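Please look at the sequence and the 3D structure shown here. The paragraphs that follow lead through the strands, the salt bridges and the confidence of the model.

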Amino acid sequence: MPPADLAVDARHTLDFDAIGTRWQIETGSPLDDATRAAVAERIELFDRAYSRFRPDSLVSRLAREGGRVEFPADAGPLFDVYDRVSALTEGAVDPLVGRELERLGYDAEYSFTPHPERVAETRRWSDLRREGTAVDLSSPALLDVGAAGKGHLVDIVSDLLVARGYERSVVDGSGDLRHRLGRPGGLGAAAPGRAIRVALEHPLDATQAIGVAELGEGALCASAGNRRAWGDGVHHILDARTGRPAREVIATWVIAATALQADALATALFFAGAHTLATAFPFSYVRMFADGRAEISRDFPGELFT
């Protein structure tokens, strides 16, 4: 879902792979070597805490040993969003869905082969003992923060760029996107930028778009079952209450103030109505159903193609 137009005086792009996906950063002036290194280091720290695919992560330690683990300070906003979204979806969105994902084949080996003999996780996020950024488990359990973690990391990288003087940017973590318009006098920009046009990729045909969004200051995140799909209708967006993939909704797009919120809400819309989620978060959205219908909020800054 690349931006169609980055509104900066000169476009400078950095493309790289991280946390198992493709990233792109666009800025009004080239990133210096120190900033590039800082971005790489910050992503590595995040991955070392939350990845369920690397044995040295905090998440993997919890999965092996249980007990009490102190996560870094950036876990506070992430866990707080999970508290709210899990409650609003009545437990459908739950970071303790990791064992169910493994059983379906979305495991550390990327086998994409179901493992029916593995025991499913019986605990849920609402039962977890948590104090701030510390998680305490009486026995091993596997966290998966995929419903909101990548969006959170997009925000972290975007904030890092601002802190280093790059006030106008687009950070795109393969479908999770944060746009900063900047301000007058910011590095590489004489005036704030303008909105960017972003195609809404058709979930059943990556060569087509169902519409377009006009994104100003803020975040746009997309979620679709086809992004991680295998076997007979199996994909990574699971209803934690049943351990089964979502069926009725096949794709969502959410615009919110932060990519953390937009990412979490894009997943939550597979299981809950927008009116329910709007009681806790301001956002606009597009949602596509398996029967081909598409739903767009009245305040969504864009259009659907007929």
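Three strands form an open sheet in the order β3-β5-β4, with antiparallel pairing. At the edges stand β3 (67-70) and β4 (129-131), and each has a single partner strand, so one side of each is left without a neighbour in the sheet. On average, neighbouring strands of this sheet are turned by 20° against each other, direction ignored. Strands, like helices, are taken here as DSSP runs numbered from the N terminus (E, at least two residues, for strands; H or I, at least four residues, for helices). Two strands count as a pair if DSSP finds at least two bridges between them. Strands of a sheet pair through backbone hydrogen bonds, either parallel or antiparallel.

This is a predicted model, in which local features need pLDDT of at least 70, side-chain atom pairs count only at pLDDT 80 or more, and totals for chains, interfaces and linings use all residues. Residues are numbered from 1 along each chain as its sequence is written, and side-chain values use heavy atoms, with hydrogens and water left out.

Within the sheet, β4 and strand β5 (residues 134-137) pair in the antiparallel sense over three bridges. Arg129 stands opposite Asp136 in β5. Helix α2 (residues 58-65) lies across β3 and β5 and runs at about 175° to β3. Such angles run from 0 to 180 degrees between N-to-C directions, and the axes are lines fitted to C-alpha atoms, for helices over the stretch in contact (heavy atoms within 4.5 Å).

Which strand is largely enclosed by the rest of the structure? Strand β10 (residues 218-224) is, because six of its seven residues are buried. Buried means under 20% relative accessible area, exposed means over 50%, and partly exposed lies in between (1.4 Å probe, protein chains only). β10 pairs in the antiparallel sense with strand β7 (residues 176-180) over four bridges, and Leu220 in β10 is the bridge partner of Leu177. β10 also pairs in the antiparallel sense with strand β15 (residues 249-256), over six bridges. Here Ala219 stands opposite Ala256 in β15.

Side chains make links as well. A salt bridge is a side-chain nitrogen of Lys or Arg within 4 Å of a carboxyl oxygen of Asp or Glu. By this rule the count comes to 19 salt bridges. In one of them, Asp176 is joined to Lys150, with the closest N and O atoms 3.1 Å apart. This pair links distant parts of the chain, since Asp176 is in strand β7 and Lys150 is in helix α5 (residues 149-163), 26 residues apart. Asp176 is buried, with a relative accessible area of 2%.

Arg197 and Glu214 also meet in a salt bridge (2.6 Å, N to O). Arg197 lies in strand β8 (residues 196-202) and Glu214 in strand β9 (residues 205-215), so the pair ties together parts that are 17 residues apart in sequence. Arg197 is partly exposed, at 38% relative accessible area, and Glu214 is partly exposed, at 29%. In the salt bridge between Arg287 and Glu295 (2.9 Å, N to O), Arg287 is buried at 9%, whereas Glu295 is partly exposed at 25%. Elsewhere, a network of salt bridges links Glu44, Asp47, Arg48, Arg54 and Asp56.

Last comes confidence. pLDDT is the predictor's confidence in each residue, from 0 to 100. The protein chain averages a pLDDT of 86, and 82% of the residues score at least 70. Over residues 1-10 the pLDDT is below 50, and this stretch has 43 contacts in the model beyond near neighbours in sequence.
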